[in-house]
Amino acid sequence: MTEKVSLLQPFKIGIDPMDRLLLVNFEKDPDSVYLGFEPQVFDDSIHGKGHLVIGWRIDGKVDVYYQPGLLLKAEHYDIAGKGLNNMIQTTFSKANYEIDDLGVQACYLFKDIENRSITIRIIEKNNKVRKPFGLLAPMGDAAEKPSSLPLVYLHDFYFVRKNQTEIEIIINNRKHRPDELPFPIDMTKMYFIRYSPRPLIVTLNTAFSGKVSSVNIEPHVEIYNSEDHKIHLTWENTSPVIKKIIRKNEIHQVTLEFEDAFPNLHSLPKNITRNGKFIIKAHPSTGIIRGQYFINNSNKIKLVMIPNKGWKPRTSKISLWFLYSIAGIFKNWPKSYKWTAILNPQPDGSLLMDSKWERINTK
């Protein structure tokens, strides 16, 4: 009987389900507390079914207003700006958000934490055919203490059109003007209100402290299924090395691919350093992220990953090329993320890992 080989892979691609997403900015005409709202819709086994509205505060933090029945975790909001200010279970007078052939149809009525009435109402009535595209949203740019690399892939993403659209953003009886996109998309003037009917929220390598499990595989196996991850392997003599890791989901699979195969940490020689390149990709329309990894194996194994090449979009139209060129945030925000993992060998041959993300100065 052929003896199995032990493989250790310290990577985790998490999926945080969401049904629909809407981002409403009024940063140029802010409230005393808020400068934007972000309605989200859920219908899954993790969060339950219902609506929430994130209130983006002028102090950089967020308030989360959510319907009873939703199951939320406060730590999930550390990627939002400067972090969570308050989570408030709220009974909405209205909570409707749909996307049809005419565009966004949304209405939210509720009271904020200061008992002020809030209205968010968007009704698009434009018969012109929309031309949505894919995008990696720069949601992680404002996070000060991220627990993961937050990858918010927005499929069928588009902006709300100015023509034939009714909009009301009212806080405590005062109307606020929505921000506008400074140039047209598809020869159409747009509000800086954007949406996706198919968001894919990915969390790469959430901070972890504990034992890293190994898997035992048959020699020269090329694909191994481990929980929700499909691991593609090549072999260096009798040791497997990782070519790519795929995380399947209902929207589109997400892949962490190594241009220089990632070694099996169990068989890594002592007092050696290794480095290589990696790519993160989902649907082709949402572009790719490139970066580098570094390994140092002495008494402990130190592993570092930095997406230092940033995001490379797929620019299907001139207006998008212009948008990404003048707003460097889209391409550059991943460059400031650094993941460090320290793995300590144990007497039984296992490894204990402490990992974290931090923001680094890229200037």
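Which residues is Leu343 in contact with, leaving aside its neighbours within four places in sequence? In this predicted model, the answer is Leu8, Val212, Leu265, Lys300, Ile301, Leu303, Leu351, Leu352 and Met353.

As a general remark, nonpolar side chains in soluble globular proteins tend to be buried together.

Let me turn to the aromatic residues. A search of the whole structure finds 19 aromatic pairs. One of them is formed by Phe11 and Phe258, with a centre-to-centre distance of 5.3 Å and 45 degrees between the planes, a tilted arrangement. Phe11 belongs to the loop between strands E1 (5–8) and E2 (13–16), whereas Phe258 belongs to strand E22 (residues 254–262), so this pair ties together parts that are 247 residues apart in sequence.

A second tilted pair is that of Phe26 and Phe37, at 5.5 Å centre to centre and with 45 degrees between the planes. Here Phe26 lies in the loop between strand E3 (20–25) and strand E4 (34–44), and Phe37 lies in E4 itself, so the parts tied together are 11 residues apart in sequence. Both Phe26 and Phe37 are buried.

Phe11 and Phe258 also take part in one aromatic cluster, together with Phe262, Tyr293, Trp333, Tyr337, Trp339 and Trp357.

The charged end of Arg20 sits over the ring of Tyr97, 5.7 Å from its centre. Arg194 lies over the face of Phe192, at 4.0 Å from the ring centre.

Strand E19 (residues 223–226) runs antiparallel to strand E20 (residues 229–236), and 4 bridges join them. Within this pairing, Ile223 has His232 in E20 as its bridge partner. The hairpin has 2 residues between the strands, and Glu227 takes a positive phi near 55 degrees.

E20 then pairs with strand E21 (residues 239–247), again in the antiparallel sense, over 8 bridges. His229 stands opposite Arg247 in E21. This hairpin, too, has 2 residues between its strands, and in it Asn237 takes a positive phi near 60 degrees.

Technical notes:
Residues numbered from 1 in each chain as written. Predicted model: local features only at pLDDT ≥ 70, side-chain atom pairs only at ≥ 80, totals over all residues. Heavy atoms only, no water. Pairing = 2+ DSSP bridges. Contact = heavy atoms within 4.5 Å. Phe/Tyr/Trp six-rings, centres within 6.5 Å; stacked < 30°, edge-to-face > 60°. Buried < 20%, exposed > 50% of the residue type's maximum accessible area, 1.4 Å probe, protein only. Lys NZ or Arg CZ within 6 Å of the ring centre and 35° of its normal.
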